[in-house]
Each structure stands twice: as C-alpha cells, then as structure tokens.
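Colleague: Could you take me through one part of this model up close? I'd like the pocket and the charged contacts on the helix that helps line it, and then whatever else you think deserves a look.

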Amino acid sequence: MNVLAKPADLEAAAPAGVFVEEVKTVQHYTDHLFRFRMTRPASFRFRSGEFVMIGLMIDGKPLYRAYSIASPAWDEELEFFSIKVPDGPLTSHLQKIQPGDAVLMKKKSTGTLVNDALVPGKRVYMFSTGTGIAPFASLIRDPDTYEKFDQVILTHTCREVAELKYGEDLVQETLNDPLIGEFAKDKLVHYTSVTREDFPRKGRITDLIKSGKLFEDLGVPPLDPAIDRGMICGSMDMLRDTKALLEEAGLTEGANNKPAEFVVERAFVG
C-alpha cells in the first residue's frame with residue numbers, strides 16, 4: 001500500500017479544508033499501544049476531553065478515525081494515545097509513523113467527555129479501560145477540572161500490567177507539572193486494576209464497583225447522585241455495563257445540550 005507520510009507529499013495530496021500536521025515525538029509502550037505528539041494548528045480550538053478525526057493518505061484516499069485528544073486545551077502540541085491493530089485499515093499504518101512524518105486532521109473537534117456536560121458536583125469519576133484513558137489525559141491536565149470538582153478519581157483498567165504505564169507516567173507528569181501540579185496534588189487519585197495478570201487490584205472496574213471494593217479502597221461512600229459525577233470511555237461492553245451501574249445508583253446520563261450526572265463517549269478507533 002502507498003502511504004503518504006512526508007509533509008511535502010501530504011500537503012500536495014491532502015483534501016481541501018484539512019490540517020496537515022508534523023509528528024514531533026512517538027513513544028511505544030507495548031506491542032499494541034503507543035502515543036505520539038504533533039504540531040497544533042494556530043487556529044485549532046477544542047475543549048479538553050473532545051475528540052477529532054485524524055488520518056493518513058492511503059492509496060490516494062484519505063482514511064480517518066476518531067481519536068480523543070490526550071493533551072489539554074492549553075497545550076501547544078496535540079497528543080494522541082493509540083492502539084495498534086495489525087490489520088486495522090488506519091492503525092496498521094499509523095503505528096509506523098516517525099518524528100518528521102505528517103498526518104491529516106479534520107478541523108472540527110467534538111465529544112461528550114467535557115466538563116460542561118456535567119452538572120456541578122463534589123467528586124468526578126473518570127472510568128477508563130485501555131486507550132479510553134486518552135480524553136481523561138486531557139481533562140486531568142486542565143485547571144478547569146479542579147475548579148469544578150473537589151476530588152478527581154481516574155480509574156484505568158487494562159488486561160496486562162504493562163498497559164498501565166501510559167497512565168502511570170501521565171499522572172506523575174501531571175503532579176510534577178509546574179502549572180497543573182498545584183491543582184492536582186490534593187485532588188487527583190489514580191486507581192488501577194488488571195484483568196489478566198496478577199496485580200494488587202485484579203478485576204474489571206464494573207466488578208469492583210458492584211462488590212464495593214472500589215469505594216472501600218478509596219475510602220469514599222458508594223455512588224451518590226447528589227455529589228458524584230461520572231465519565232466513561234472504553235470498550236463497548238465496558239461502556240454499557242458501567243452506564244448501567246451508574247444509572248442503578250441514580251445518576252442520569254447527560255450531553256452537551258443537557259448536562260447531567262454522567263456522560264459516555266461512543267467514538268472508537270480501529
């Protein structure tokens with residue numbers, strides 16, 4: 001397959017009205033997880049937690065997928081955290097990008113995992129599995145999140161221990177950041193679990209919610225719609241099951257045009 005990745009080639013072939021941005025750094029975490037950072041167009045505006053369509057020119061045609069922006073709205077670069085699908089139409093090529101290469105990005109961002117879609121509360125849970133942590137990587141680095149909530153609980157469940165590394169690095173970077181660290185140090189909690197390997201906390205997040213272990217470990221009461229808010233991003237099964245548990249606890253799903261107690265992101269990468 002012919003994949004255009006060099007900036008000059010992509011600029012010449014790109015459709016009208018699409019950004020062509022240069023890859024600055026690439027970091028591979030496991031055989032199927034990597035992150036990359038790229039230039040940010042001067043005119044591009046987004047809210048922390050939103051996603052955008054990014055892609056490549058493959059065999060003369062642009063191919064896009066929805067990716068959550070992992071960097072906060074104030075960042076000068078854009079960060080993305082991606083899976084590697086061996087036969088994925090886009091990710092099988094995207095995983096091979098190097099610094100100096102270029103990617104396509106559409107001009108409009110959107111998404112439901114934004115602070116504006118939640119009504120005020122005391123505590124916000126950010127429930128994530130796998131690369132579903134990406135929008136929360138944006139939100140936990142945004143001062144607005146800490147102005148809106150007294151406690152920010154980021155949960156991240158993966159199959160294997162090595163897959164937690166991005167989130168662990170992210171939280172440390174956030175706490176050490178000169179801008180965000182002061183906001184996060186007394187409010188941000190990182191709660192991890194693994195499903196397929198031995199680990200201090202083992203199990204799906206839904207099982208840890210149902211058994212009460214999540215709340216016991218955190219030293220907080222069970223979900224309460226009066227004070228607790230939720231954001232959910234992960235696999236289709238995880239979205240469905242976590243949504244059901246939040247509704248069982250009395251929380252109502254919200255949206256950009258109707259803020260409520262929890263929100264779900266349904267955009268996927270493949």
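Modeller: Here is a walk from the pocket to its helix, and then out to a few other spots.

Keep in mind that this is a predicted model. The largest pocket has a volume of about 790 Å³. Its lining is made up of 32 residues, and Thr-129, Gly-130, Thr-131, Gly-234 and Ser-235 are the ones that lie nearest the centre. Several elements contribute at least two lining residues each: strands S5, S6 and S9 (151-158), plus helices H7 (205-211) and H9 (236-248).

Now for H9 itself. One is Asp-237, where the closest N and O atoms of the salt bridge are 3.1 Å apart. The other is Asp-241, again with a closest N to O distance of 3.1 Å. Why are Arg-240 and Asp-237 about one helical turn apart? Because they sit three residues apart in helix H9. As a reminder, an α-helix has 3.6 residues a turn, so residues three or four places apart point the same way. As for solvent, Arg-240 counts as partly exposed because its relative accessibility is 48%, and Asp-237 falls in that class too, at 41%.

Lys-243 and Glu-253 meet through their side chains in a salt bridge, 2.6 Å from N to O. That pair links distant parts of the chain, with Lys-243 in helix H9 and Glu-253 in the loop between H9 and strand S12 (262-264), 10 residues apart. Lys-243 has a relative accessible area of 22%, so it is partly exposed; with buried meaning under 20%, that is the class you'd expect. Glu-253 is partly exposed as well, at 26%.

Elsewhere, Arg-35, Arg-37, Asp-75, Glu-77, Glu-79, Arg-141 and Glu-173 are linked in a network of them.

On the nonpolar side, Trp-74, Leu-179 and Phe-183 make a surface patch of about 270 Å². Trp-74 comes from the loop between strand S5 (61-68) and strand S6 (77-83), and those two strands are among the elements that line the largest pocket. With a relative accessibility of 37%, Trp-74 counts as partly exposed.

Helix H5 is worth a glance too. It runs over residues 165-176, and its 12 residues reach 16 Å from first C-alpha to last, close to the 16 Å expected at 1.5 Å a residue. Buried residues in H5 are Tyr-166, Gly-167, Asp-169, Leu-170, Val-171 and Thr-174.

Last stop, the end of S4. Ile-58 is found in that strand, which covers residues 51-58, and at a relative accessible area of 9% Ile-58 is buried. Next comes Asp-59, in the loop between S4 and S5. If you check backbone angles, note that phi of Asp-59 is near 50°, a positive value in a residue other than glycine. Asp-59 is partly exposed, with a relative accessible area of 45%.

Technical notes
Residues are numbered from 1 along each chain as its sequence is written. This is a predicted model: local features need pLDDT of at least 70, side-chain atom pairs count only at pLDDT 80 or more; totals for chains, interfaces and linings use all residues. Side-chain values use heavy atoms; hydrogens and water are left out. Helices (H or I, at least four residues) and strands (E, at least two) are DSSP runs, numbered from the N terminus. The expected span of a helix is 1.5 Å times one less than its number of residues. Buried means under 20% relative accessible area, exposed over 50%, partly exposed in between (1.4 Å probe, protein chains only). Patches are made of residues with over 30% relative accessible area and no salt bridge: like charges are joined within 9 Å, nonpolar side chains (Val, Leu, Ile, Met, Phe, Trp, Tyr) within 5 Å. Accessible areas come from the Shrake-Rupley method with a 1.4 Å probe; for residues, only the protein chains shown count as cover. A salt bridge is a side-chain nitrogen of Lys or Arg within 4 Å of a carboxyl oxygen of Asp or Glu. On a 1 Å grid over the protein atoms alone, a cavity is a set of points where a 1.4 Å probe fits but cannot get out, and a pocket is an open set with protein on both sides within 12 Å along at least five of seven lines; lining residues have an atom within 4 Å of a point. Grid points are joined across faces, edges and corners, and a volume is the space filled by probe spheres set on the points.
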